Structure formats: structure tokens, C-alpha cells
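Have the sequence and the 3D view open as you read.

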Amino acid sequence: MQQLSVGMVGLGTVGAGVARILTQHVGRIARRAGRPVELKWAVVRDLKKRRDADFEGVRVVDDVRKVIEDPEVGVVVELIGGVDAARRIVLDALAAGKHVVTANKALLAEHGPEILAAARAADRAVAFEASVAGGIPILGAIDVGLAANQVQSLAAILNGTCNYILTQMTQGGIAYSQALADAQALGFAEADPTLDVDGTDTAHKLAVLAQIAFGADVRTADIPREGIDRLEIADLTYARELGYTIKLLAHARLADGGLELRVAPSLVKNDRPLAQVHGPYNAVRVVGDAVGDTLYYGRGAGMMPTASAVVADLIDVATGRAAITSRVLDFWSPDAPPVPLLPASRTRRRNYLRFLIADRPGVIASIATILGHKGISIASVIQHEPTPADENGEPGPVPLVIMTHLAVEEDLRDAIREIDRLDVVRAPSVRLGVEE
Ligand code: NAP
Ligand code: HSE
């Protein structure tokens with residue numbers, strides 16, 4: 001069979017890993033693909049930049065048109081990141097009759113419907129396994145391995161940078177800024193690491209998963225999200241005291257005829273598998289109506305794990321499997337029945353609350369009364385001995401940590417607003433959800 005010529009746009013962390021696999025394992029890839037897969041072009045922004053490796057036989061250029069206009073190129077791999085330039089390259093590649101492989105979750109979360117419509121019109125495949133959870137083949141697991149199921153819920157650690165930072169902070173006592181710098185140096189972070197730590201990257205991946213697992217067409221802005229950038233060390237410590245670990249989680253659940261979605265730092269009981277996921281590792285728990293509980297674990301970021309997923313997609317393009325998947329599953333189809341999103345205000349979960357309060361009689365009672373009036377039941381409370389009095393003899397404020405039973409989000413928000421207005425409350429309260 002004729003070889004598959006690849007034009008790769010982007011030769012950074014992931015691109016260099018893809019080039020390494022394709023140039024160092026030619027025989028293995030050809031056997032799995034049923035034909036040779038040749039990396040013909042690599043497009044970069046800056047030709048003068050020093051590269052760690054020289055990939056023999058690969059033409060490195062700074063003009064993407066060389067790839068798009070080359071009739072020998074059968075597939076374009078987009079690995080530049082960002083949205084606007086990547087969108088143009090992907091649409092131009094499809095219009096020129098090339099298949100596309102991409103690791104770009106931001107692009108899919110914002111322009112999935114447009115890109116898949118262009119692929120449909122051109123009768124070409126778009127494969128994007130590397131866009132979610134790096135080296136874990138989670139999209140294939142859901143759309144092939146769990147095809148018999150209606151996915152009911154998923155909970156996932158999807159950002160290697162955040163999980164690495166949280167692990168370094170909790171296990172290594174490393175400061176947040178140092179842990180983030182290390183994650184960048186290790187190649188886990190996005191070009192703009194704000195997208196990692198503020199929860200946007202996880203929301204991009206959840207938007208893709210929402211389509212694959214539930215057929216929901218959601219944009220990033222539809223997903224309520226919080227990152228780890230405002231987490232305080234005190235909450236990591238209290239969570240540990242309570243027997244929990246804090247993880248940045250993507251959460252999706254079918255409930256009351258709609259889909260509940262969110263991204264937030266959440267407390268996970270220490271004996272749950274997700275609490276045992278450390279460093280740059282990702283994990284996805286998927287519950288299907290037939291299979292029940294399943295768990296997928298592996299490296300979610302970095303050069304070679306992500307390249308593993310990109311090359312698997314290239315092999316699927318070479319064999320024709322990617323074209324079949326694209327045609328049959330028809331992602332982001334305009335004909336698919338809509339899946340409504342549940343308003344965040346109606347969702348229910350257990351919560352961790354931390355207040356900084358004056359050490360006076362009746363304070364805990366007034367907080368408990370407000371929670372009680374909103375129907376929020378207290379599961380446990382921690383309050384330690386106060387800090388020594390200051391030079392005026394005033395006792396310092398004390399933290400009060402409350403774990404609640406299940407509470408409706410809207411009721412909880414109202415209660416916190418009311419509590420934060422009490423004159424005995426010294427700082428805005430902290431609230432984190434519990435993942436069951
Ligand atoms: P990166 O290290 O920043 O590399 C980006 C590459 O794209 C560089 O080679 C850069 O050229 C090139 N580039 C940027 N803009 C370009 C343009 N307009 N035209 C041509 N080339 C351009 O990024 P990365 O970490 O490999 O990530 C690539 C994609 O994979 C992103 O979508 C990211 O979200 C996704 N991803 C990354 C990981 C990870 O762990 N890093 C994991 C999963 C998915 P120069 O080298 O000349 O600057
Ligand atoms: N920046 C991302 C992360 C890369 O840290 O998980 C993988 O998508």
C-alpha cells in the first residue's frame with residue numbers, strides 16, 4: 001500500500017516526541033499502520049531556534065503552505081496550540097483534502113462544530129485522542145470500548161500541571177510558584193500556564209469529553225470553573241486532617257434530564273483511587289450503565305505520553321479506522337439531539353467550608369443557624385485552640401472548618417453570602433465541593 005506522508009505543524013514538546021517515534025520506530029509503525037508512515041515536513045515558527053534533535057529526512061520549514069499545497073501529504077498534524085492560527089491551519093488542511101490529527105483541546109472546545117463540519121464536507125477524518133488526558137486513550141475507550149453504554153458520570157484529573165503542583169505542595173512541601181516553574185520546565189504546562197492553573201485547560205478537555213461521552217455540544221464558557229490558583233495551603237492541610245486530598249477535578253453527571261458539568265478543586269476521600277493519582281498523572285473514572293465503574297490512569301502531559309496518542313491517531317488514519325470513526329460517530333453533528341446543561345445553582349453536593357471568625361461566644365451557633373435555615377446539615381466541625389492574644393489582649397481570629405451533608409448549590413451560596421456579612425466573620429469564607 002502507498003505510504004502515508006505526514007506534514008506536522010509544530011515541533012515543540014509534543015511535535016518533537018512525535019518526530020522521535022516516527023523516525024526511530026519506522027518498522028514498528030509501518031507494521032501497525034499497514035503501510036509506511038513518513039514524516040515529510042515539520043513546520044516551525046522560528047527556523048533559527050536551537051532544537052534538541054535533528055530528525056533525519058524531515059524537511060523543517062517556517063511556511064505552512066508547503067505542507068498544505070503538497071499533494072503527497074495525506075495528513076496534517078496540528079501541534080502549535082492556541083486557537084486562531086490553529087483553526088486556520090486545520091480548516092485549510094481539510095479544504096485541501098488532508099486528514100487532520102490534533103492535540104489541541106482549546107481549538108476543539110471553541111470550534112469543534114465548525115471543524116467537524118468542514119471534515120464532513122471534505123469527507124476527511126479529524127482525530128484528536130491526544131487532546132484529552134495525554135497518553136491515556138480515553139476517547140477511544142469511551143467511543144469504542146464502552147460503546148454499549150450510556151455514560152452516566154465521569155470524574156477526572158485532566159491537568160498534569162495542576163496535579164503535579166498539588167502533589168509537590170502536599171507531599172514535598174514545595175511552594176506553589178516553584179512547583180509551577182518545575183512543571184513548565186518539564187514540558188507539562190501550556191504556553192500560557194494561566195490556562196492550566198485557572199481551570200481553563202481542564203474545562204477545554206471536559207468540553208471535548210462532554211461531546212464524546214454524552215453527545216453534548218458545550219463551549220468552554222458554558223462550564224463553571226475554578227482553578228488551583230486561589231487555593232490556600234491551610235485548606236490542603238485541613239483536608240488532610242479530615243482524611244481527604246484536594247484534586248482539580250472535571251466532573252460530569254447525567255441528572256434530572258440534563259448534564260451537570262463543572263471544573264473545581266474538590267475534596268476526594270483518601271481511600272478513593274483518584275486521591276492516589278500523583279504528579280503529572282491523570283485519571284478518568286467513567287461510570288457506564290452496563291459496565292458500572294471503570295478507571296483509566298496514565299501520564300496526562302509531557303512529550304512522549306502525548307506523542308504516543310498522536311502517533312496512535314496517525315496509525316488510525318493510515319489504516320482507515322479514523323475515517324470510519326469520523327463518519328460513523330459523527331461528532332458535533334448538527335443532527336444530534338441536544339443535551340441540556342443543568343444550571344449550576346441546582347446541583348447538589350457535600351461541601352467543605354472554612355470561616356475565619358472572632359473567638360466569641362455564640363459565633364458557631366449563629367453560623368449553624370444560617371446553614372440550618374437554608375436546610376444545610378452539618379456533618380462535622382473542626383476548630384482548634386485560638387492563637388495567643390495580641391498586645392491589646394484581644395484573642396486572634398480562629399478558623400472554623402465545617403463539612404456539610406448534601407446541599408443545593410443555590411442554598412449554599414445564599415448561606416455563605418449571609419454568613420460573610422456577620423460582623424464576627426473576619427475574611428471571605430472558603431468553599432470547596434466534595435467528590436463522592
Ligand atoms: P510548544 O512546546 O509550545 O510547541 C509549539 C510548536 O508550534 C513550536 O515548535 C512552535 O515553533 C510551533 N508554532 C507555534 N505557532 C506556530 C505557527 N503559527 N506556525 C508554525 N509553527 C508554530 O507546545 P506543545 O506543548 O508541544 O503543545 C502543542 C499542542 O499540544 C497544544 O495544543 C497543547 O495544548 C497540546 N498538548 C500538549 C501537551 C503537553 O504535555 N505539552 C499534552 C497534550 C496536549 P517554534 O519551535 O519555532 O517556537
Ligand atoms: N498543559 C496540559 C497539562 C498538557 O498540564 O495537562 C496536557 O494537555
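A quick word on the ground rules. This is a predicted model, where local features need pLDDT of at least 70, side-chain atom pairs count only at pLDDT 80 or more, and totals for chains, interfaces and linings use all residues. Residues are numbered from 1 along each chain as its sequence is written, chains are lettered from A and ligands numbered from 1 in the order in which they are written, and side-chain values use heavy atoms, with hydrogens and water left out.

**The whole chain**

The chain has 15 helices and 16 strands. Its radius of gyration is 24 Å, close to the 22 Å that the globule rule gives for 436 residues, so the chain is as compact as a globular protein of that length. (That radius is taken over C-alpha atoms, and the rule is 2.2 Å times the number of residues to the power 0.38.) Helices here are DSSP runs of H or I with at least four residues, and strands are runs of E with at least two, numbered from the N terminus.

Of the 436 residues, 52% are buried, where buried means under 20% relative accessible area, exposed means over 50%, and partly exposed is in between (1.4 Å probe, protein chains only). Among contacts with a separation of 6 or more, 74% come from residues 24 or more positions apart; a contact means heavy atoms within 4.5 Å.

What about the outside? The accessible surface comes to about 19300 Å², and carbon and sulfur atoms hold 50% of that, going by the Shrake-Rupley method with a 1.4 Å probe. As for charge, there are 46 positive and 54 negative side chains, and the centres of the two sets lie 4 Å apart. In that tally Lys and Arg are positive, Asp and Glu are negative, and His and the chain ends are not counted. Each charge is placed at NZ of Lys, CZ of Arg, CG of Asp or CD of Glu.

Now find helix H6, residues 138-145, where Ile138, Leu139, Ala141, Ile142 and Asp143 are buried. What do the buried residues of H6 pack against? Their partners are strands E7 (151-157), E10 (281-288) and E11 (292-299), along with helices H10 (200-214) and H13 (321-329).

**Charged pairs**

Side chains of opposite charge can pair when their charged atoms come close. A search of the whole structure finds 24 salt bridges, each one a side-chain nitrogen of Lys or Arg within 4 Å of a carboxyl oxygen of Asp or Glu. Here are three of them.

| Pair | N to O distance |
|---|---|
| Glu72 and Lys40 | 2.6 Å |
| Arg87 and Glu114 | 2.8 Å |
| Glu436 and Arg350 | 4.0 Å |

Take the Glu72 and Lys40 salt bridge. Glu72 sits in the loop between helix H3 (65-68) and strand E4 (73-78) while Lys40 is in strand E2 (residues 37-43), so the pair ties together parts that are 32 residues apart in sequence. Glu72 is exposed at 52% relative accessible area, whereas Lys40 is buried at 6%.

Next up is the salt bridge of Arg87 and Glu114. Arg87 belongs to helix H4 (residues 84-95) and Glu114 to helix H5 (residues 105-122), so this pair links parts that are 27 residues apart in sequence. Arg87 is partly exposed at 23%, and Glu114 is partly exposed at 31%.

The last pair in the table joins Glu436 and Arg350. Glu436 lies in the segment after strand E16 (425-435) and Arg350 in strand E12 (residues 348-357), so the two tie together parts that are 86 residues apart in sequence. Elsewhere, salt bridges with shared partners join Lys105, Glu190, Asp201 and Lys205 into one network.

**A few loop residues**

Val58 is in the loop between E2 and strand E3 (59-61), and at 12% relative accessibility Val58 is buried. Leaving out residues up to four places away in sequence, Val58 touches Thr23, Leu39, Lys40, Trp41 and Ala42. Val58 and Ala42 are 16 residues apart in sequence, with their C-alpha atoms 6.7 Å apart in space.

Most residues other than glycine have a negative phi. Asp330, though, has a positive phi near 50 degrees, and Trp332 has a positive phi of about 50 degrees. Asp330 lies in the loop between H13 and E12, and Trp332 lies in the loop between H13 and E12 too. Buried or partly exposed: which is Asp330? Asp330 is partly exposed at 25%, while Trp332 is buried at 4%.
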